[in-house]
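Welcome! Take a look at the structure first, then read on.

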Amino acid sequence: MDSPATSSLPPPPPNRYNFRKPKPLNNQPIALKPQRTNPIIWFLGVTCLFFTLFLIFFGITTLIIFVSLISRTPLFDTPGATLNFIYSNSNEFINGDFTFLANVSNPNKKIDVTFEYSKVELYFSEFLVATQGIQPFVEKPRKTETFLVHMIASLAYLPPNVALEFQKQMQRKRVVFDLVATFRVKVNLGIMHFRYWLHGRCQLEVTSPPNGFLLHHDCRTKR
Ligand SMILES: *[C@@H]1O[C@H](CO)[C@@H](O)[C@H](O)[C@H]1NC(C)=O
């Protein structure tokens, strides 16, 4: 490759250190002709750019909606309850009649929600005593629904130690129940829908019947 320089150039200095001489310019391969970018490629590039921007915008919007949904889910509360009667006919089975005021509110400022499916369960010391369903209902933003829910316990089984605890609480005239509410919530975002489960849990302390009334309640609502 150490070809002699062309005649038009001055003779190269002696190659004392035996370095490779630079290749003469005219020996280099011919550069590719500069190509005009095809308009279709331009068009595709611009389309891709817009599509990417649209995706980013869509992603951010979805995230904002999602965060606003997460932070403002409906709340379940039980501001009132009456224990009309409750008794155990043997020591292990209880019958009862319990009514409570349910307060379901939608604190979201923009989005209305549909409660497609709602169920409440009454527990005494982790044992299911009564179950009741609630008709589907729709709630506008920042609206609250209050309704009476009537629950009937009919021969609900309690194991002996739990039945004993129940008798004790009846004698003390303060009975503690847990109320578990389960909702299937549908969020209506124009033409889009989104559903999730909502769980309300309240601990209620009522006086014993007749006309047992609510002493304390402590409610939490979680998704
Ligand atoms: C129901 O809940 C809402 C919001 O938590 C509250 O403003 C309202 O006073 C409650 N209603 C009753 C009857 O407790």
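Seven names to find around the ligand are Leu-75, Asp-77, Pro-79, Asn-103, Ser-105, Thr-144 and Thr-146. Keep in mind as you look that this is a predicted model.

**Around the ligand**
- Three strands each supply at least two residues of the shell: β1 (75-88), β2 (93-105) and β6 (144-157).
- Strand β1 gives the most, with three residues.
- Sorted by class, the shell has four polar residues, two nonpolar ones and one charged one.

**The whole chain**
- The protein chain contains nine strands and two helices.
- Starting at the N terminus, its elements follow the order α-β-β-β-β-β-β-α-β-β-β.
- The chain has 223 residues, and 17% of them count as buried.
- Take the contacts between residues at least 6 apart in sequence: 63% of these join residues at least 24 apart.

**A closer look at Val-104**
- You can find Val-104 in strand β2, which is one of the strands that supply residues to the ligand shell.
- Is Val-104 buried or exposed? Val-104 is buried because 24 other C-beta atoms lie within 10 Å, and the cut-off for buried is 20 or more.
- Setting aside neighbours within four places in sequence, Val-104 is in contact with Pro-74, Phe-76 and Glu-145.
- Val-104 and Glu-139 are 35 residues apart along the chain, and their C-alpha atoms are separated by 9.0 Å.

Methods: Residues numbered from 1 in each chain as written. Predicted model: local features only at pLDDT ≥ 70, side-chain atom pairs only at ≥ 80, totals over all residues. Near = placed C-beta within 6 Å. Helix = DSSP H or I, 4+ residues; strand = E, 2+ residues; numbered from the N terminus. Nonpolar A, V, L, I, M, F, W, Y, C, P; charged D, E, K, R; others polar. Buried ≥ 20, exposed ≤ 12 C-beta atoms within 10 Å, placed from the backbone. Contact = placed C-beta atoms within 7 Å.
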